[in-house]
Amino acid sequence: MIKYTIWIVDDDDSIREGISMALEEKYEIHGFFSAEDSLEAENTNDPDLILLDIGLPGMSGTTALKEFQKIYPNVLIIMITAYEDIRTVITSMKAGVYDYVIKPIYMEGLEVTIAHALETIRLRKEIHHLQEKYLQNNMPCFIGESNSIYETMDLIEMVSQSSDTPVMILGETGTGKELVASAIHYKSPNFKGPFVTINCAAIPKDLIESELFGYEHGAFSGAHSSGKKGLVEAADGGTLFLDEVGDLSMEVQVKLLRFLEDGHFYKLGGTKKYIAVPRIVSATNRDIDKMISQDEFRKDLFYRLGVVIIRVSSLNERQDDILPLASFFLEKYNRKFNKSLLGFSDEVEELLLKYSWSGNVRELKNLMERGVLAAKGHELAVKDLGLATIQPGKVMNPQKNSMGLPLLMPAGMDLPEFHTAVDQFYFYESLKMTQGNEKKAAQLLNLNHHTFRYRKKRLPQ
Ligand SMILES: Nc1ncnc2c1ncn2[C@@H]1O[C@H](COP(=O)(O)OP(=O)(O)OP(=O)(O)O)[C@@H](O)[C@H]1O
Ligand SMILES: [Mg+2]
């Protein structure tokens, strides 16, 4: 069991000795005649709790209080006071003192106050420990050794110091934009708040406003009778990640801009004003400058969203990241599939470095998953990757099924993650099997129609 350390700072010997005698079995107790003595103390543990007399010789109790709070930010302080000092007690309570006891000290009462204080300390420590654990589990793992990825990491560190600066992340599909967004959230002061993601391209245009801002009771037919909270409100105090922000309609862009101006918003069908203050992180793989010049994206909104812009380079532009990423994914899938591959053959390394990564890190990750799953030897071989038939530096030809993917069966399949080459193959197959009927093709891939259309739009034509 933890033995808490308690300091008693009081010039009255009988008080110090009385408290020490009563408590020394349970706690580690150190007594000091003056504040100066305690501030110069050596060879004692840092205090969890300080019992501090207000009327001390030399430095007063109230000055000592500020010193202790500076040196030991987590310490709890209980003031010891005479009746006439009650004004000072009130000021001290406002300055963050945990509680006070009045002289002459009633020992049983003091013990209860101490027990409460130590329970508060224990709970605080437990919360701190849980937060650390939560962070460890959620903090994204960023792999890379290129200058470009180091610059990205530096920018993440910089923006994470603030809790509300809007950040826009630009980059091709699969480069790691969502990973950057979550790193910003978990490193920033609002990490305890929610991280809420909305994919602006996957939600039908008519629904996006109510998704973002919610709706009031009876806003439209079919609306839930009690109304609905929007994601802006759900992300209050945390981070709202607007993924594929380039796909927002002009109408919703205006509403978003209005919200960003002062944090106020109205729910659909309502006149009541709400306020929410999430940090807004947005991302798009579209050419935002071109969209602005073609009046498809509002310039004023772009300036609001992109107070800091992070451009994540394509994987082909950061060759130094390819092998570290490949090793990281190899380990990940070794663990997942209970394999013990030691590394790659030289040919695989060469191929990975020469390969044209149109799907960027996501494509590399998926390729590694498939490779580790298929591998039979001690190291990953070219044949495991299903890339043997393609020329390095060329994009795969989906119609030839050069990845060696299983055929799409009439019963359909799950296509959970976007991966350019794999998607391209199955989208083509599903459309072929359904004579071009998108709805049926989407069903075959277990995707809803909107997600299907969104992902299809992002495939190279
Ligand atoms: N530097 C990195 N280190 C480790 N994993 C990475 C890195 N970059 C990307 N990934 C992984 O690659 C996959 C794709 O990344 P992510 O979803 O963040 O890309 P994206 O840019 O948001 O893509 P899209 O534009 O298609 O939404 C994820 O599984 C992510 O964890
Ligand atoms: Mg993304």
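**Reading strand, core and ligand shell in a predicted model**

Reply: From strand β4, the side chains of Leu-76, Ile-78 and Ile-80 point one way and those of Ile-77, Met-79 and Thr-81 the other way, and all are buried. This is a predicted model, in which local features need pLDDT of at least 70 and side-chain atom pairs count only at pLDDT 80 or more, while totals for chains, interfaces and linings use all residues. Residues are numbered from 1 along each chain as its sequence is written, and chains are lettered from A and ligands numbered from 1 in the order in which they are written.

Me: How many residues of β4 are buried?

Reply: A residue is buried if 20 or more other C-beta atoms, placed from the backbone, lie within 10 Å of its own, exposed if 12 or fewer, and partly exposed in between. In β4 (residues 76-81), 6 of 6 residues are buried. Helices (H or I, at least four residues) and strands (E, at least two) are DSSP runs, numbered from the N terminus.

Me: Which way does strand β3 run relative to β4, parallel or antiparallel?

Reply: Strands pair if DSSP finds at least two bridges between them. Here β3 (residues 49-53) and β4 run parallel and are joined by 5 bridges, with Leu-49 opposite Leu-76.

Me: Which residues have the most contacts inside the largest nonpolar core?

Reply: A nonpolar core is a set of buried Ala, Val, Leu, Ile, Met, Phe, Trp, Tyr and Cys residues joined through C-beta atoms within 7 Å. The largest has 42 residues, and Ile-169, Val-180, Ile-184, Cys-200 and Val-232 have the most contacts inside it. Helix α7 gives the most to this core, with 5 residues. Another core, of 26 residues, lies apart from it and includes Trp-7 and Val-89.

Me: Why does Ile-149 count as buried?

Reply: Ile-149, in helix α6 (residues 147-160), counts as buried because it has 20 C-beta neighbours inside 10 Å. Two residues are in contact if their C-beta atoms lie within 7 Å. Leaving aside neighbours within four places in sequence, Ile-149 is in contact with Gly-144, Arg-318 and Asp-321. Ile-149 and Arg-318 are 169 residues apart in sequence, yet 7.9 Å apart in space, C-alpha to C-alpha.

Me: What surrounds ligand 1?

Reply: A residue is near a molecule if its C-beta atom, placed from the backbone, lies within 6 Å of it. The shell has 18 residues, the closest being Thr-173, Gly-176, Lys-177, Glu-178 and Val-361. Helices α7 (177-187) and α15 (360-374) each supply at least two of the shell residues.
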